[in-house]
Amino acid sequence: MSTGRGDSSEMVSFQLSPSSFLKIQKGDITQWSVDGSSDAIVNPANERMLGGGGADGAIHRAAGPELKAACYEVPEVRPGVRCPTGEARITPGFNLPASHVIHTVGPIYDVDKDPEISLRNAYRNSLRVAKENNIQYIAFPAISCGIYRYPYDKAARVALSAVKEFGSDLKEVHFVLFSDEIYDAWLNKAREMFRD
């Protein structure tokens with residue numbers, strides 16, 4: 001059983017299936033890893049996939065310049081767009097402790113026509129890409145909860161329901177959350193949704 005390192009001050013675990021766990025912790029996602037070979041962190045990217053602010057920028061800084069170079073290699077689906085909102089792409093993790101980065105683009109809450117569907121797709125497609133690439137351990141941040149202004153309680157419900165539906169193909173699904181407010185929102189919603 002892994003502890004899922006990453007400044008884990010407190011971690012709460014929920015069972016998704018007989019062989020699969022959901023773990024919620026506070027911490028820095030750039031420090032997280034389980035085994036460095038079958039693990040991935042999720043980067044809340046923008047459609048260009050070339051780095052940005054918040055967690056996206058922190059992940060790019062921690063991974064080193066090779067990550068940006070690898071993202072440049074991802075073909076554009078239309079000019080300036082490598083990963084449309086709700087989709088996911090995978091690259092190596094380079095200097096990160098985790099072996100891979102799964103890049104996904106969440107919705108801008110008050111701009112997206114249907115932010116709930118877009119956010120659910122970002123989580124679902126990240127989990128699908130993980131499964132297709134034999135990832136056993138995945139760590140998500142709170143996608144769209146930074147500058148994209150998704151309300152924490154609504155985002156937690158979408159994130160956790162997607163994990164409940166699709167996460168049991170992996171050994172562990174982690175949420176590594178940076179702020180107390182987001183951690184509390186996720187934990188409260190998980191306790192509501194995963195009651196035994």
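**Side chains, helices and loops**

Analyst: We may begin with arginine 89, whose side chain makes a polar contact of 2.9 Å with the side chain of glutamate 87. Please note that this is a predicted model.

User: Where is the place of arginine 89?

Analyst: Arginine 89 belongs to strand E4, which covers residues 88-92.

User: Is arginine 89 buried or exposed?

Analyst: Arginine 89 is buried, because its relative accessible area is 18% and the limit for that class is under 20%.

User: Which residues is arginine 89 in contact with, leaving aside neighbours within four places in sequence?

Analyst: With those neighbours left aside, arginine 89 is in contact with Met49, Val74, Val77, Arg82, Cys83, Pro84, Val101, Ile102 and His103.

User: Let us turn to asparagine 134. Where is it found?

Analyst: Asparagine 134 sits in the loop between H3 and E6. Its phi is near 55°, a positive value in a residue other than glycine.

User: Is asparagine 134 buried or exposed?

Analyst: Asparagine 134 counts as exposed, because its relative accessibility is 59% and the cut-off is over 50%.

User: And what about glutamine 136?

Analyst: Glutamine 136 is placed in the loop between H3 and strand E6 (137-140). At 24% relative accessibility, glutamine 136 counts as partly exposed. Apart from neighbours within four places in sequence, glutamine 136 is in contact with Ser38, Leu170, Lys171 and Glu172.

User: What separates the C-alpha atoms of glutamine 136 and glycine 146?

Analyst: Those of glutamine 136 and glycine 146 are 27 Å apart, for two residues that are ten residues apart along the chain.

User: Now serine 144, please. What is its phi?

Analyst: Serine 144 has a positive phi of about 75°, although it is not a glycine. Serine 144 lies in the loop between E6 and H4.

User: Which backbone oxygen lies 2.8 Å from a polar atom of the side chain of serine 144?

Analyst: That oxygen belongs to proline 107. Serine 144 is buried, with a relative accessible area of 5%. Among the residues in contact with serine 144, other than those within four places in sequence, are Gly106, Leu119, Arg149 and Tyr150.

User: How does asparagine 46 sit?

Analyst: Asparagine 46 is in the loop between strand E3 (39-44) and helix H1 (54-63), and with a relative accessible area of 19% asparagine 46 is buried.

User: Which backbone atoms does its side chain reach?

Analyst: A polar atom of the asparagine 46 side chain lies 3.1 Å from the backbone nitrogen of arginine 48. The side chain of asparagine 46 also reaches the backbone oxygen of glycine 51, at 3.2 Å. Not counting residues up to four places away in sequence, asparagine 46 touches Gly51, Gly52, Asp56, Val105 and Tyr148.

User: On to the helices. At roughly what angle do the axes of H4 and H5 cross?

Analyst: The axes of helix H4 (residues 152-166) and helix H5 (residues 180-193) cross at roughly 50° and come within 9 Å. H4 and H5 are therefore oblique to each other. The crossing in which H4 passes H5 is right-handed.

User: Which residues meet there?

Analyst: Residues of H4 including Tyr152, Ala156, Ala159 and Leu160 meet residues of H5 including Ile182, Ala185, Trp186 and Met193. By class, the contact of H4 with H5 has ten nonpolar, one polar and five charged residues.

User: What about H3 and H4?

Analyst: The axes of helix H3 (residues 115-132) and H4 come within 9 Å, crossing at roughly 40°. H3 passes H4 in a right-handed crossing. From H3, Glu116, Leu119, Arg120, Tyr123, Arg124 and Leu127 take part, and their partners in H4 include Ala155, Val158, Ala162 and Phe166. The residues of the contact of H3 with H4 divide into nine nonpolar, one polar and five charged.

Conventions:
Residues are numbered from 1 along each chain as its sequence is written. This is a predicted model: local features need pLDDT of at least 70, side-chain atom pairs count only at pLDDT 80 or more; totals for chains, interfaces and linings use all residues. Side-chain values use heavy atoms; hydrogens and water are left out. Helices (H or I, at least four residues) and strands (E, at least two) are DSSP runs, numbered from the N terminus. Buried means under 20% relative accessible area, exposed over 50%, partly exposed in between (1.4 Å probe, protein chains only). A polar contact is a pair of N or O atoms within 3.5 Å; within protein, one must be able to donate a hydrogen and the other to accept it, and residues adjacent in sequence count only if both atoms are side-chain atoms. Contact means heavy atoms within 4.5 Å. Axes are lines fitted to C-alpha atoms, for helices over the stretch in contact, and angles run from 0 to 180 degrees between N-to-C directions. Angles under 35 degrees count as roughly parallel, over 145 as roughly antiparallel, 65 to 115 as roughly perpendicular and the rest as oblique. A crossing is left-handed if the near helix is turned anticlockwise from the far one by less than a right angle, and right-handed if clockwise. Ala, Val, Leu, Ile, Met, Phe, Trp, Tyr, Cys and Pro count as nonpolar, Asp, Glu, Lys and Arg as charged, and the others, Gly among them, as polar.
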